[in-house]
Structures are given as C-alpha cells and as structure tokens.
Amino acid sequence: MLKKLLLLILLGTAFTAQAEAAAPSTYRDIARLRAMNQRAQGIRPAADGKSYTTLRGNAIERHSYTKDAPGELLFEWKNDKENRDIADYQFSPDGKLLLLSIGSEPIYRHSYTTDYYLKDADGLRPILTDLSDTRDASFSPDGRTIAFSSGNNLYLYDIVGDSVRPITTDGAWNRIINGTTDWVYEEECAFTKAYAFSPDGQKIAYLRFDESRVPVFEMMRYDGKLYNEAYSFKYPKAGDANSVVDLYVYDLKTGETERVDVGPDRGQYILQPEWTPDGRLCFQRMNRRQNHFEAVLCNPDGTQQVIYDERSPKYVDHLNKTFYFLEDGRRFIVREETSTGYMHLYLYGIGQGVLHPITQGEWEVTDFVGLRSDKVYYISTESSPLKRDLYRIGLDGKHKERLTPGDGYYSIYPSADLSYYICEGGGSSAPGRTDVFNAAGKRVRTLYDNAPLKEALAEAGLPVREFFTFTTERGDELNGYMLKPLDFDPAKCYPVLLTQYSGPGSQQVAEVWGPDWEDALVTHGYIVVCVDPRGTGYRGEEFKKLTYGDLGRLEVEDQISTARYMARQSWVDPARIGIYGWSYGGFMALGCAFRGEGLFKMAIAVAPVTSWRYYDSIYTENFNGLPEDHPKGYDDNSPVNLAHLFRDDSTRLLIVHGTADDNVHFQNTMEMVRALNKLGKQYDMMVYPDQNHSMMPDDMIHVREKMLRYTLENL
C-alpha cells in the first residue's frame, strides 16, 4: 500500500511538472523559450572569403565556413567597472586592425554614442578620448584612417599618427549636422552614417543637414529627479519644414571641401551618397512628395548625368531600393516595382537606361544578396508571399535556380566573394536551423539545428500557426493565421484576440517562428488571429498602395471584416472578440474600437498614432500624401476625431504609452484621452515613465505581462 501511495505521489509530481512545462502561460515563459533559440550573432564576413567572425557575448570569434570546429577566439572584452559591453565591432579592410565600440548611450532608435578602442599588433588602446559623444566610426578603404562624428561635426583619425583633424567645424545641436542624419532621416530612411569614402580612400562625401527651420519638439524626462527636464529636438511633422540637405566632398590630401550641385529644389531629400567602383560619386534625390526618384552620377569632368529616373502617381518605394554598380563601371542593378507592379531586379547601362529585366513574374524580389561572376543571388516570394527563398539567376535573366533547401522563410549572410553563405530560417512550426552552403547551394555544414529548443517546445506544447485566407464582403482576399489551443474542440466556443500591425508595405502573416505574448493566451483557452489587410506588402504594388492618401480606412474595414468572419465560426464566441496593436497597430486598434459598433469587447492600443498631423514628415507624406493634398486622409480616419463613436458600455479600452517616445509622441495619447474625457467616455490607461517607443530600456516585459493580464480579465 505504501509503495502504491509513493508511486501515485511520484506520478502526480511528474504530471504536475509536465503540466507546467506544457503551459507557457505568461510572457516570461514565452521569453524563456525564445532565449533558447540558437543563432549566429554579429556575423561579419572576412575579406579572404573563407572565414567569418561572430560576436558571442563579449567575445569575437573567427570561424571557417567549411571546417566544423569551435571558433578561434580573436578578442574578449572583460567588463570594466562601468559594466560596458561590446556594442559593435569592425575589422580594417586588411583584417589587421579591430575597431571596437564599447558601451552605448542611445540617442534615438538606431543611433547611439560610444567609446572607441583600437586593437592592433601592440595591443588594445582607447582612441578619440579627447572628444565626447563619438559615433558612426568606420575605416577608410586603405585602412589608414577612421572617420567618425562628434558634436554634429565630422572628423578623421590618423591611425599611425594618433591624431585627429576636423572635416567640419560648424556643427551645432538642433541646427547643423555633418556626416550623420537628423531624426527623421534616421527613423524613416534607416541610416545614421551619412558619409562614404571613395574607393581609394582619398575623398569622403558627406551630407550636411541644416535643421534651423525644423520645429522643435519637447519631450519631458523625469528620470527620478526632483525637477523634471524637457528634452528638445528637431522633429518635422507632416507638412512642416524639413532639414535642407547638402552634399559635400572633402579631399584628404588637399584638405579642400567642394559642394556638390544637387539641384535647385531645396525641399528635396538627398539619400546616402555612394561611389562607383571606378571612383565616381553617385547620389540619390527625391522630391518632397516622394513620387519622383533619381540617381545622379558625377563625372570626373564636372558634369552630371541622371542615370536612373523613377516616377509614380502615388509614391516611389525608396526604402526598398537597390543600387549595385558592376565592376565594369558601365552597368548597375536596380530593384524597383513601378515598371510591372512587382518588385524586380533590372540591369541598367550608364547612359543607356534599362538593358533588360533580370527577374520577372507576379511575385516580389525582397532582397538583393549579391553578384558572383555572372550570377545574381536574391531572395524572393516566388513560392508564396508568406515565404522567402534564395535564388540565383544569370545576369541575362536566364537559368534560374532555387537554392534554399525547401519552402520557408530564410535570411542569407553571404561571404565576401559569395563563395559561401550562411542560411538561417525554416518554417513557422519550429525555430529555424542555421547552415553553411557553398555558392552552388550545397550544404557544407550545420551551425545550429536548435534540437534542444525543439524538444522544449514539444514538451511545452506551444501552438503552431495555421494559415488561411478568407474573402471579405467586399470581395478582397486576405491572408491570415490563427493559433488554437492544443485541446481545441470545435464543439466549444472560444474567445478571439486579433493581433495586427496593418501598416503600409508591412507583413505580419508569414512563415516565421517567433512567439510573443499573444501565444501565452492560447494556453488560457483563447484563439489568436492575425490578418494582413489591404495596404500591406509583398502582394504587388497595386495591393500595397490602395491605402495611399487615406490611411486607416480600408485597413479598419478589413480588420472589422476579420472580426465578423471569426464571429461566424461555430467555435467562436461572438461576444468575446478583442483587438490589439502597437504603433500603427495601435492606431488601428483605436480605429476598430471606435468604428466597430460594439463588435469588439476589448481593445489594446500601445503607442498609438492618434492623428497623422502629429507624425513625422517622411513617413506620413510618403503614404498619406501632403496634408494640403489629402486633408480628409489626415482627419477622417484619425482616432482623435472619432472618439464620439466609441461605445464604452460594450468595449473595454486600454491605452498604453511611454512618456519618452521620440517616435510616436506621448502627445498622441494625451490628445486622445482629452477627446475621450470631453465626451465622458471611460477607458483604462497605462503610462511608462521615460520609456521609448519599444518600452525600453526597462519595461518591455512589464508591458507584455500587463496586456496578457488585461486580456484575461476583460475578454
């Protein structure tokens, strides 16, 4: 009897442990599983084409592409008394010098200041110690010089002479910026290093931003101080003045600076300058409406020629533009969509225009990987808009081959000469694997197969995405996925949470593995659904640009249609449907809560845009047009103007925002709740002091646990 009792106790203990493993019921449970995902971090291809380096913790290791052996330790940073870590690293072109970024002080989303150290044959030493706020450093092609920014000025550091000389001296906070970008370029054009060395290292082209006329935005900082302080920075909102951007070239030998003629339009955008392999400067410009894009080549005789000209009645997708100059100095590859309505690669001749398309079809090239000999390597959606596979094709557009091992969603990290590449990814049912392949697509070795995580997932019972399509009452076919409880019973009725982002050109419905807080809801008996509405990406230009000039109308219609579609399912409780979104998704969650006529029992809006008149110039004008051209697109769909439609007797609303959000300002939420208060509407609110758009640096986990608990209590 005693033995039987002990056996029952042991079985009960084992069952309890298994039940706990099978119930990732909090975000922390999900985060622990995500943290088990093994992947190569900080990959840098070496110049020899045979090896690459990675950053593991604070250790930089060198690995062979072909040899299945532990990495060679090249450098390890021992945390100092300030507890700083390696933020970034780069090798000189000959691989003999190592430039380290130690510690980071964030400025905005992508930018940060750091301390620089240089490692050579004599050891490690700090550099640039006499200057503050150093950032955006890089080696010259000859490896003798390091360019960097400090105090809105651009400098050169002579490595041998251990000396610094300024390229510019007029930099001033909130006025003039040299060699780095202003806020809106950083956020919307996705670069901060606004300079480029010529191939011989003798010249450096850089952008100069005059933001004197850009309005100042003040963001309150609290930081636990007795007296709070305002942080002031230049932020151009839709329709307001942008920085005036100029392009200059500095000659390292003569010390002379020459201003490049970028054209008479002082309101245009000048994008990252680059040099052709034969040493000619090329710059890209785009008008304020962002529907006319040009690439201009500067010839040695002082003349200029427009080598690429793209126009659209709506907008040119400049963020996804590819420009790759061939070594012959006569041709270049471009990725664009306006010719056929799908993003494809084209071969151009300088002074000749388009020579021929390299890729064709009703699918999209999402990334240009590189060129090896006469073979172009690229990633596309050819197998499905939900997938990303690697292909190679001749420069003449013939002999296409798929190189990835099977349909899935893959990321590619090529070697310097593309003789090898690291392939990471797989499907949505499990974490991906990481392998090394040769140029012909033959697997050389496996870096990570994530077997331990797959075992943990099998034990935990994390739900798997089920993909579906449905047709709205307007006849539009939309892609979606849903997560169901493992013990799903079609005879029962389940509550449903719609999770979405819905922004222009975005994609949430894809064959990727990456659980988040919503997945924890499934173990509590909820169904999670995600649908990409009209205006999202990778289904062609027409579908993507349907929402132009009218942001928030079609997307809200489609999310409401999704809720109605789910409500018609026999296994869904139509009285328990909720919606959640962050940023653009927060804007959408509010729009659905207000226009849903009580359809949604709960809505969560995190860091929401509540009026497009509050958001930045480049993004808003790109997708919504100029305010004077599309005033109804700015006002008719903005939640601050729709508060009167909110049925607070049937919908619980939670608005969440960080007070130090430099992207979607806290102003958006303040004006939203002002409108709700005036109407006597009831809602819930969560404020995170001094947290940015991602609820960093402190509350990324807290906000997800809050949303999980709020959903369990109110849906």
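These are my notebook entries on a predicted model of one protein chain.

**Ground rules**

I number residues from 1 along each chain as its sequence is written, and my side-chain values use heavy atoms, with hydrogens and water left out. As the model is predicted, I ask for pLDDT of at least 70 for local features and 80 or more for side-chain atom pairs, while totals for chains, interfaces and linings use all residues.

**Entry 1: the whole chain**

I began with overall dimensions. The radius of gyration, taken over C-alpha atoms, is compared with a globule rule of 2.2 Å times the number of residues to the power 0.38. For 715 residues that rule gives a value near 27 Å, and the chain agrees because its own value is 27 Å. Along the principal axes, the C-alpha atoms fill a box of roughly 85 × 70 × 65 Å.

Next I looked up the secondary structure: the chain has twelve helices and 44 strands. Both are DSSP runs numbered from the N terminus, with helices being H or I of at least four residues and strands being E of at least two.

Of the 715 residues, 56% are buried, where buried means under 20% relative accessible area, exposed means over 50%, and partly exposed lies in between (1.4 Å probe, protein chains only).

**Entry 2: a sheet and a hairpin**

I followed an open antiparallel sheet of four strands, in the order 1-2-3-4. Its edges are strand 1 (44–45) and strand 4 (72–76), each of which pairs on one side only. Pairing requires that DSSP finds at least two bridges between two strands. Strand 1 and strand 2 (residues 51–56) run antiparallel and share two bridges, with Arg-44 opposite Thr-53.

Further along, strand 25 (residues 322–325) and strand 26 (residues 331–336) are antiparallel and joined by four bridges. I noted Thr-322 with Arg-335 as its bridge partner. This hairpin has five residues between its strands, and Gly-329 takes a positive phi near 75° there.

Asn-152 has phi near 70° and sits in the loop between strand 10 (145–150) and strand 11 (153–158). Asn-152 counts as buried because its relative accessibility is 12%.

Leu-418 also has a positive phi, of about 60°, in the loop between strand 33 (409–414) and strand 34 (420–426). With a relative accessible area of 4%, Leu-418 is buried too.

Which residues does a cis peptide bond join? Met-696 and Pro-697, with omega about 15°. Pro-697 belongs to the loop between strand 44 (684–688) and helix 12 (700–714).

**Entry 3: two buried strand residues**

Tyr-421 is in strand 34, and its relative accessible area is 0%, so it is buried. Leaving aside neighbours within four places in sequence, Tyr-421 contacts residues including Leu-390, Leu-403, Ile-412, Val-436 and Phe-437. I also checked Tyr-421 against Ala-31: they are 390 residues apart in sequence and 29 Å apart in space, C-alpha to C-alpha.

Asn-479 is in strand 38 (residues 477–483) and is buried at 14% relative accessibility. With neighbours within four places left out, its contacts include Leu-386, Phe-468, Val-509, Cys-530, Asp-532 and Arg-539.

Conventions
Contact means heavy atoms within 4.5 Å.
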